[in-house]
Structures are given as C-alpha cells and as structure tokens.
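Work through the exercises below with the structure open. Each task is followed by a stepwise solution.

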Amino acid sequence: MSAESSSPRVGVFVCRCGVDIGDVIDVPALVEYAKKVQGVAYATEDSFACSTSGLEKIEDAIKRHNLERLVVAACTPRTHEAIFQSACERSGLNKYLVEMANIREQCSWVHRDDSQAATEKAKDLVRMAVAKARLLQPWKEPEIKVNPNILVVGGGVSGLSSALSLADLGFKIYLVEKEAELGGMLKSLHKLSPTMRDSSESLESMLRLVEQNPNIEIHTSSRVKSVEGAISNFEVEIESDGKVVERFNVGRIIVAIGAEILKPHGLYGYGHDKRIITQLDLEEKLKNNDLKGVGTVVMIQCAGSRNDERPYCSRICCNTALKNAQILRELSPDIDVYIIYKDLITYGVESSALELNTKRRGVKLIRYRDESPPEVAIEDGSVVVKVFSPTINEEMTFRADLVVLSTPLVPRGEASELAKMLKLPQDPFGFFKEAHQLSPLDFATEGVYVCGTARAPKDAVESISEGLGVGSKAAEYKFSRIRGRGAAFAEINEKKCSGCGICIELCPYNAIRKDEIGISRTDSALCGGCGVCAASCPERAITIHHFTDDQLEAQLLAAIDRRPRK
Amino acid sequence: MDENVLVIGGGVAGIQASLDLANRGINVDLVEKAPYIGGVMAQLDKTFPTMNCCICILEPKMIECYRHPKITVHTLSEVTEVEGSKGNFKVQIIERPRFVDISSCTRCGACIEKCPVTVPDEFQAGFESRKAIYIPFPQAVPYAPSIDKGSCLHFGGGGCIVCEEACPTAAIKYEQDPRTVSLNVSSIIVATGFEQYDPKEMGEYGYKRYDNVITPLEFERLVSPYGPTGGELTRPSDGKIAKRIAFVQCVGSRSHREGVGVPYCSGICCMYAAKEAVTIKEKYPDSEVTIFYIDIKAFSRDFQNLINKARDEMGVEYIRGKPGEIRENPLTKDLYIWYEDTDTGEIGRKEVDLAILSAALLPRNENTRLAQVLGVDLDEFGFFKVEDPFLSSLETTRDGIYVCGCCHGPRDISNSVVEASAAAMKATTGIRLTAEGSGG
Amino acid sequence: MKYALFLGCTVQADQFGYEASAREVLPRLGVELVDMEGSSCCGFPAFSSIYPSAWFYLSARNMAIAESMGLDLLPLCNGCHLSFVETRHHLEVNPGLKKSINEDLRREGLTYTGDVKIAHILEVLHDVVGVEKIGESVKRPIGGLKFATHPGCHAIRSGGLDHTDDPENPQKLDDLMRALGADVMDYPEKTDCCGSSLAIASGKTTLMIAGEKLQSVKKLGFDGLVTVCPFCFKVFDNRQRAIQAAMGDRSLNVPVFYYTQLLGLAMGLEPEKLGLELNLSPIDPILEKILEG
C-alpha cells in the first residue's frame, strides 16, 4: 500500500500520566515540538489521556480539528491501545489509524535521573510515531460467523460444568474424555469438603444432567489427535484405540484435562511398603472401608512439593488431610491421627472451620521445619516416623499403621502434547499458563481456554467456578457477528515469491503453506502478524500490514533526522 | 430475547461480571454506592504475585465498563427493593444526586479549588483532606466531581454557593433530587466486596493510639504514587522515611478470643504482606523489613515465588511468632514489638519505625441491609451464604441471585475475577444442580 | 460514700505510709472509711497458690464481714482486690463450693451471699469521687513534674473478669495525676509487672524485673513513679537499694510515691501526715519541689 498523496492531518496527544511522565519529561516543550513536526495539525497535553475526560477531549479534538490520524504519546500500547482505538471509532475515525509512542515504559520510567535527555528522547519517539501514523491505512475486520460448536477436552467436574453451562446457552458441545467413564478425579474421591458429601453422589447429579443434555455429544475412551486452524474454525481429530474416529469443526476449545496426584517413588519410603500411601490411596481405602487394624495414622504434608524440585504449593493437600483426618476420627475415636505439616494452608471461611473442627476432634498437628523434615523408616517390621518439633523442642517418634503422604497435583503427561498442539504456554511445572493476571481465563491462543486443575492445583468447588468462567469467555461473541483479528497480518506478493520456503519453516503460527505451484500462501485467520516471515524473506516479498516497509522506513528516517521540518 | 441482569457492586468483580455479560449481548445495570467504580482495588498500589500496578490494569476495564453500550452504570446508587423471582425481578434503585451535571461539566476543577470546606479524604485513608465537592482520585471513572452532602456547607444550611459561582458552565445543580429507578431483571449478581477489620479493638497493638501503627489500606496509600506522599513511605508521626518496618500477620483473623476479631483465616494477608515487603525493599533497598507470621499461606500460582523473592532474594526477615504486644517510645514514637520466635524459643523485642497490622477481611456492614432487601441469608459472619458451593456454585439462598468475589468470603483478585465470569454464566443459564439430580 | 476499709496484710505489716495517706485524703473527699472487725488476710498470694479452699474461705469471710456491716468493700491493695473478685466468681459458678463455705462461715455467725460490691481505690477516686472534684480539692498543684504511672497487674489483668481499668491502655491513674496538676506520659513498660509475685521463688528475678522498669522510667526522663498497690510500692521503693545492687547500677534512683501521698501533698497536707518519711526511695528533691510549689 503506497502512501497517500495528500498529507493526512495528525493529532498528537501527550499524556502526563499523572506524575509518571509529567515529572520527568518536559511535557509543554514536547507539545510545542510536536506542533512543528511535519504532518501535525494539532497537539495538546492531558493529565490522564486514558481517563473518561481525556478520551472525550481526544474525540472532541478529532472532530473539531478534522484529524485523520492520531498519535498518543503515553504509556504502553499493551494495556491502553484498545482504549484509544475505541476513541477513534467513537469520533468516526477508523480504529487502526492511531499510533502510540511509548514515552513512559520506554522513556520516563527508565530515564528518571535525566529529564533533559528523556525529553529529547520523547521528541524522537513522537516524531517517529507521527512519521508512521501518516502512512497508516484504515482497515476493517472481516466478518466471521460464530461457530456454534465447542470442544471440551476432559470430562471431570471442570469440563462438565463448562459443557453444561455452554450447552444451556445453545452451543453444541463435543465432550472428549480419555477414560471409559466421565467424572475425572472425583470418581476416586471419598467425600468432599466442606459439606462432607459423598463424592460419587455429588458427581451423579452432574453426570445425569450431562447425559440427558441433547446439546452434549459424549466421546469417552477418546483423545484429541490433532488440531488445525484458528478461533471459529478449528479442525479437530479425535482418536480411540489408536485410530481416528471423528472429526469436528469447532469455534472454541476448552481444555479441562485435569491433573494427577504425584506418586513419589522413594520419598518417605513410598513404594517400598504398602503401608506408605498417598492421600488418594487413602480416599480409596475410605471408600472401601479398608482400614482394618489401623490404629495410628501419620500424615505428612508437602510430600514432594514446596521443595527445590517443585517449589509450588498444591493448595488442596492441607484441606484434604484435615478432611480425611476428621473422617478417620469419626470412624473411631481409637484411631490416632497426626498431621505433620510445614505451614497449614487453610484459607477462607470454610477451610478455617474445617481446621477448627478437625482439631476439636483430637487430630494432632505437629509442625516441622524445612531444614528437618520427618524421617520414615521400617524398624522391626513397623513403620516408624520421626520428626523434630520446634514447638516442644523435641524429637517425636510414632509407630504408624499407615503413613499418608500428601503429595501435590502434577500435570498429566498429555499436557505437553496438548500444549504444543494448541500453542499454549506452560509454566515450568507443566501447568497451562494464562495470559495475564487480571484475565486469568484468557490464554495466548485465541479461542482456547483452560480450566480446572490443568491450569493450577485447586479443589472441586474452584474447578467448577473456573469451568463456568471459561464458559462465559467461550460464549462471548455468540451474539456478536464480528470477530476482530487486529490490523497486523502478512501479505505475500506472489510475483516476488521465489518458493524458497524459509517463511514456512519460521512461522510460529503454522500459517503459511505452499500452494500447487510452490508459492507461499498465508492463512490470514491463523497469522499472528509477528513479522518473522517478512523479516526473513530474501526476496522481500512479504508485507506486514500496519507495519509496512514504508511505515517502518519512515519511522527509522524520522529517528535519525531530528529536524522537525516545518 | 433481550436479557437484563443487575450487578450490585462496582469493584473488580462487579466490573468483570458486567463486561462478560455485556460482551454476550446482555444488558447490565451496574449499581455502585460510591461516586466511582473500581472498589478497593482502585486504592491498592500493586497486585500480588505479579507486582503489577493495580490502577494501570484496572483502569482499562473500568473505562470499558463505563463506556460499554450494553452497561448502564449507576454510581451513588443503592438497591432498595427487590420483588419477584428468577427470570422476573422487579428492582428499585435509588440514585443519589451528584449535584453536578456531568454532561456540562468540563472538569476544569474551579469548584474544587474554591470550596471552603475540607474533610479527611477517605480514599487516601484519612492521610489527606479533600473538599466537600471533589473528584475521588485522578483516574476515577466517571471522572467528574460530586458533592458530599454531609460535609457541604450549602446543604448544612450555610447558604454557601461558592462552587456554583465558580463554575463556568453552570454545571452545579444543588436542586438535583434522589431519583428512583425501576428495573426489570432476570437475575441479580451480588459483588459488594469486603471491608477491612478495624484493629483498634486489639488494644495490645496500639492502633490509633500509636501514630506509627497502620493498617494495610493506609500503607497502600502511603506507597502509591497517587497517594498523600507521592509514594514515599513516611512515618505518620514525623514524616521521616521509615527504614525499619514490621508486619504483624493475622490481626483480627484466626482469633479465638471472645468478641475480638474473627476465627477464620482471611487468605490473602500472607501474600499482601509479602507484596508490600517487596515494594518497600524495591524502594528502599537498605530498609529492614520483618514479617511476624503464624503460617505462610502461599497457595496459588507463583505465590511461593514471591515469598521466596521476599525472603531469600531481598532479605525480608520472617519470624514465626505472633507478637504479644506493640509499645511506643513516647519521645521518638518508635515502636517496640514483643514476640516469641517459636522456631528458636527466644523472646525478643524488636524496635521499628513503622508497624503494619495485616488486618482481617470482614463482610461489609451493609450486607445485613442488602440481604434483607434481597431476601437472602447471610452466614454466621455476615457474608452472603452459599448453601452448597459444589452443587449450587455461587448461588445465594434465593433462586436467581448469585454472588462473586469477597462478598461471600475472603479471596484474592484472580479468584474474584474468575468467579465474576462464573457468576455471569450462572446468571444466564438455567442449570441448577441439586442433590436429587434434577436440572432446572 | 461509706466503705468497709480492708487493709490486708502488707499495708498493716509495713506499708504504713499508704494507710496513713489514705486515711487522710479519702475522708476529705467525702469517702468515709469504716474499720472492719476481725478481718484477716485475704489469702492471696500464698493460699491461692497452694491451698485454694482455704483461700476461698478467707476471702469469702472478709466479704461476709463487709456484708454484715452493710457496706461495700474497699481494699487498698490490688492483690486483695483481685482475690475478692476471683473468689466471688468461683463461688458464683460453683454453688456447691459456696454452700460449703457458708456452712463454715455460719460457725462465726457470718453469711456470704455475694452481693457485696468490691471497690478499687482507683475506681473510687476516678469514677465515684471524680477527677473534677479531686481537681477542686487541690491547693498546691504538682506542676512541672512528670510522673510515670504504675497501675499494677492486678488492677488491670483480671482474666476476663471485671477489671478496674483497660488492660492495654489504662488511663485512670493518669487522669488522677493530671487532676493534681502533674504531667504524665505513656511509656512502653507502663503495664509491665513489678515482679513481686516471684519474690519468694526467685528474689533476684523480682529485682531485675522491677529494675528494668525503673531504668526505662529514668531513661525517659520521668521525675518519679506513682502506684496504688503496696506490693508494687514495696519492690520499687523499699527495695530500690537492692534493685541497684542486683542491676549493678548505683545511679538507678527513682522517687516512688503512693498516689494517696501525692494527693495529700496536692491538697496541702503536711508530709508527716502522709507517712512520707517512710518512703525509702530518694523522694526528697521531688518533695522539696512540690512543697515549694
């Protein structure tokens, strides 16, 4: 796209950002400078350009001064670009005709000690932004019809909640579960705190609703084999028994594959003696009433977590231990239960009540220090637990009939595979990572969401909340016709393309394919606008819209030519 | 079908719920008591564990919410009556007058400058004053003044019309009356948040007696760049930079003393203390920071990382032992904290410049009135009651009314936001789980 | 206002200054003191530690005597006061105990119903007489002198039972001092114990505890310490030389007074009437200042 022949009228708004910019950069001088830059028809400042009054000022100025492009010299576009884009729209300007100059994170915040230099740099940044803004082109997002199908991977409580709520809104749900039965982790649990209701019974009602719901198509004993495409148009293959059995086209994908309990072979003797078990094993014993001859139970918290290998807290282990300890004491007052812990992670109202009730039932809580964890050994055929208690400054010894290790939740093996398939980042331990703190249910790949313990350890109630929450995110745009993609995307000039294929190898979105003649073609729906292809094309055959060569060259020239030229 | 949902409470949870609903084409009425939306989060400096600037990440949402074509924000408003049932609630809201016409107001600030009345500024936790006509803070949404009738001379019978005279666009409207608005909504989401425990009743810590003993909200204002000191952590007694700081955890929480505090753990104090400690160390690397704790509850993603950063990287001292008392040197106003280090068994007395009491999260006082209006039950502490969080997630005891965020128990921002989305879903779907397994 | 005056052991054994000054100032404020016939030790702290039933009996008996006089009971000592308050509580929650004690008391012709009010001298002065009236009675104000108030543990720490003053922030004695024209200032050790309960088990500990408090009082620039309890006074004043030796600090000089002594001085009474010659701490320079006015 070539530059327009007539010079568009650019408006420059310099934001003081309270004191963040205003205290370092000489804002009035910057405004005066901006007025002299070629193409600028109007320049002003504001304390908080992003405030409702600041935005109104911008909208008003666009109309009054017939501005055709907007430059906002303020903070980072990451948080605020959308706001200024909407200000453009509200004043009749195409939303992609705004360019931000980051004079906060990239200027005032890092040059606090040199006001003068910071101001000069801000002038450079504004000049560059204006140079690019003059070459920006309007763009309208293509209409993409909303796909009424949603894939939910994982049939535990989180996936089920998601499926049920979305089905109720009229979406068609493909529910894929790798096991033969739905229900996930809750099938293996005994009781759920804080209500102490039976886990299977609680699950029953949810399962019945899912089975009865005409909008939910259940595929058990199945796994996702491949996913192609992008939001609103995912092509999914699922397999069962090693062969592909179904193909769906869905608009959104919800990952709810859950997590599993760590089986810490070797830790505290686990695996060497059948009296040393995990909390999950204990749940099974409780379900089957398999506690004959158990007189003393010792539970060890943080077994395999909050250590160097896994520095995270698994959130639910303390509550689980307290719950099970309470149940054991209720079974018989002759069962002694000791919980050996580092920090007691109970939080909030219900969990605190659980702690109190458990203590009242005579469960003994013994604290241990990081440096001196408990020791488990087999002596004369008995399992002996030794731990130093800083509270009484003595070492305590227990002969346990059962040692229950509270181990953390860890991501399932499949998580990495799925992460790669869906291009979802994982944290260092394998849990799926959300995009941003204030949007914990938004993820890097558009149209893909993660809920439940696959995202991070949590209990059933929290998993249900998250299942509903991602449902809300996935349901967004059901009533809206237009799906935005952003103005930055790659366009390949087929006449210049030599078919070398470098761009295909490098594209992180797998958005480029060779056509029948060998020319590279992009799928604009998949393209993320990152620019790697354009940068590496030896024929310079690729243009990135909104970051065209002309625009970038104009910015570079503006960077080194400091004369405002007016 | 045009669906309408009422969201009560304009904090981060209420804002998120409103946005979720509106982005699905549902009409939302967001009712907020204060003259601005943003709730407690707007007063905080940073979030944990990411140390993001609170107002920076909240503001885009506040603005999106306020300007969203599907959301009607009613500030200075309260719900007074609720009748009907799920699918068809008839709600009455009272909108208190701002006494300023927002559409003609240019935000020039002349009225505020000329106003003769000063009162303590509650947004700045009382460290500064504001006028009777005021804009709560620079990023307030809506960014417009309102008159605090209670402190205004005009309404006190004094006949003062200084602001009206100063206004160049005749935007001051003393004659504005409270307006009753009737709404018809299919469901209601309660997101009214929490209030901070007042540690004054724990006399052993000297809050309000000793100048340099403060609460977390007061601390957040002190370190905020938009606070009364521009972000300098100065001691209330003498304005000097505090170099030796102590945090006392669980003040008011986990209390089994009759009539004092609450027995539950407030969940977030371990983390906000760590966050505040890191903030201090980042500003003043040579400061000495001690956290007196009982348990360290670092139970979410990256929480433990922040604790490790505070303790291992930045040298924040963690002492396990809840202090018995804080005393004050009457001449210097320095504080002495008596404690037992339960790991070593030693009794110690720590001298500090400033002490922050990590206060419990309590249900709002107004919950009683609101619960009555809504016809829902509160739990024994005064939080909105959710009968069965598993089967009836986020449902109050009345069909069609849901909760999210701290109004039903203490939780952090991330969880509140997740619940807001979940409540938005619950409020618009028919699914109801029961123990008998029937749908609804 | 009329009270049965309970002197208790320590006042009668060696704290004559307290008795003398109390008998001088209280009637002048309209508080009539009536001596109790046949009163005995209250049982605290020795009996309460090793022979609780004897303790209850002794305290109940004294309260019964006051009852038979038809008067409220006013002990001068913090310890006696708490002893009565605690005993009353025990007998209230334990009717069987109350019954058996009454059986014993019947032999003396006494009955304990528990209706007797147990006043505290701080309460009488601050709440009944009132600081205003006290202020009016001042002829020779103690201006320009700063005192550290020591209310004493048993006045403020009563384990959930009615306490005389706020356990964390006691101000009654401070108000009473201000009424005399004196300066007061809160200090970190204000609610710290005098240590005298340990005097038998570990005398040195008592001296060290009291000594640390006196050191702080001195360091903060107070002119003196004032108290209302004979046990506390005994340690701070009578044993100040021993404290100096235990702390290894011969310069640890702090003038110590009973409140009633200072009240008497402020009212214009002569030092001899107030038993001031019996104070063993170095009060002379302060006394001079007060008398000069």
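**Exercise 1.** Describe how domain 1 and domain 3 of chain B are placed relative to each other.

Solution. The C-alpha centres of domain 1 of chain B and domain 3 of chain B are 31 Å apart. The bounds are 4–96 + 178–193 + 364–426 for domain 1 of chain B and 199–360 for domain 3 of chain B; they come from an automatic or database domain assignment. Next, take the contacts (C-beta atoms, placed from the backbone, within 7 Å). Domain 1 of chain B puts 12 residues in contact with 20 residues of domain 3 of chain B. The domain 1 side of this contact in chain B has 6 nonpolar, 2 polar and 4 charged residues. Nonpolar means Ala, Val, Leu, Ile, Met, Phe, Trp, Tyr, Cys and Pro, charged means Asp, Glu, Lys and Arg, and the others, Gly among them, are polar.

The model is predicted: local features need pLDDT of at least 70 and side-chain atom pairs pLDDT 80 or more, while totals for chains, interfaces and linings use all residues. Residues are numbered from 1 along each chain as its sequence is written, with chains lettered from A and ligands numbered from 1 in the order in which they are written.

**Exercise 2.** Which of the 2 pairs of chains that touch has the most contacts?

Solution. The pair is chains A and B. Their contact takes 65 residues from chain A and 67 residues from chain B. On the chain A side, 29 residues are nonpolar, 22 polar and 14 charged.

**Exercise 3.** How far apart are the nearest C-alpha atoms of chain A and chain C?

Solution. The distance is 23 Å, and these two chains do not touch.
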